[in-house]
Amino acid sequence: MKVLNFYPERCTGCRECAMACSLVKFGECNPRKSAVTVIRDEFKRYEYAVFCLQCDEPVCEDVCHQNAYTVVDGVVKHDDDRCIHCRLCAAMCPYSAITVHGKDIVKCDLCDGDPTCVKYCATNALVYEEETKEMALKRKEMVERILGTP
């Protein structure tokens, strides 16, 4: 299965990924309306991209009482027609990967298997690639660390 991975050592913080995402999803270049959020620490000099990790057991799906989330072929999909915009999914996402802009719930859906953010990442910091066992283990460890579960 392919996953979206981020390599921070390659990121320059240009935010082209966020601009491209918002343009494709909302028709405007507005990084606040992007499913990719690039965080920058000016003092420690690093950038980090935050996006939906398409959890195996998504918290957003669990907490949504409108059943606005479903997992289809490993991708957590949001159905805006079912959503009542209560924002509980955004509040409960352990990675802060779901954001809200006005009434819009903004969450990565991997652009139906062809992520736009990857196409516009000039340094290949964002890569859509097959997940190896090592990547899956790393991802699982990160989830356990964040959620505090063994």
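Okay, glycine 27: at 56% relative accessibility it counts as exposed, where exposed means over 50% relative accessible area, buried means under 20%, and partly exposed is in between, with a 1.4 Å probe and protein chains only. This is a predicted model, so local features need pLDDT of at least 70 and side-chain atom pairs count only at pLDDT 80 or more, while totals for chains, interfaces and linings use all residues. Residues are numbered from 1 along each chain as its sequence is written, and side-chain values use heavy atoms, with hydrogens and water left out.

Back to glycine 27. It sits in the loop between H1 and E2; helices (H or I, at least four residues) and strands (E, at least two) are DSSP runs, numbered from the N terminus. Just after H1, glycine 27 takes a positive phi of about 75 degrees. From glycine 27 to valine 76 is 49 residues in sequence and 22 Å in space, C-alpha to C-alpha.

Now, most residues other than glycine have a negative phi. So which residues have a positive phi although they are not glycines? One is arginine 87, at about 75 degrees, in the loop between E5 and H3. Arginine 87 is partly exposed, with 44% relative accessibility. Another is cysteine 111, with a positive phi of about 50 degrees, in the loop between E7 and H4.

Let's go back along the chain to H1 itself. Cys17, Ala18, Ala20, Cys21 and Ser22 of H1 are buried. What covers the buried residues of H1? The cover includes strand E2 (37-41), helix H4 (116-119) and E8.

On to the core. By nonpolar core I mean a set of buried Ala, Val, Leu, Ile, Met, Phe, Trp, Tyr and Cys residues joined through side-chain atoms within 4.5 Å. The largest one here has 34 residues, and those with the most contacts inside it are Leu4, Phe6, Val36, Phe51, Tyr69, Ile98 and Leu126. Two or more residues each come from strand E1 (2-6), helix H1 (16-26), strand E5 (75-78), helix H3 (88-92), strand E7 (104-106) and strand E8 (126-130). As background, nonpolar side chains tend to be buried together in soluble globular proteins.

Take E1 from that list. Four of the five residues of E1 are buried, so the strand is largely enclosed by the rest of the structure. E1 and E8 run antiparallel and are joined by five bridges; for two strands to pair, DSSP has to find at least two bridges between them. For instance, asparagine 5 has valine 127 in E8 as its bridge partner.

Phenylalanine 6, also in E1, is buried at 12% relative accessibility. Its contacts, meaning heavy atoms within 4.5 Å, include Cys11, Tyr48, Phe51 and Leu126, leaving aside neighbours within four places in sequence.

How many aromatic pairs does the structure hold? One. Rings of Phe, Tyr and Trp (its six-membered ring) pair if their centres lie within 6.5 Å; planes under 30 degrees apart are stacked, over 60 edge-to-face, and the rest tilted. Here the rings of phenylalanine 6 and tyrosine 48 have centres 5.0 Å apart and planes at 75 degrees, so the pair is edge-to-face. Because phenylalanine 6 is in strand E1 and tyrosine 48 in strand E3, the pair ties together parts that are 42 residues apart in sequence. Tyrosine 48 is partly exposed, at 37% relative accessible area.

Is glutamate 47 buried or exposed? Buried, with a relative accessible area of 7%. Its side chain makes a polar contact of 3.1 Å with the side chain of arginine 40. A polar contact is a pair of N or O atoms within 3.5 Å; within protein, one must be able to donate a hydrogen and the other to accept it, and residues adjacent in sequence count only if both atoms are side-chain atoms. Glutamate 47 also touches Pro8, Thr12 and Val38, among others.

Cysteine 11 is another of its contacts, 36 residues away in sequence and 6.5 Å in space, C-alpha to C-alpha. Cysteine 11 lies in the loop between E1 and H1 and is buried at 16% relative accessibility.
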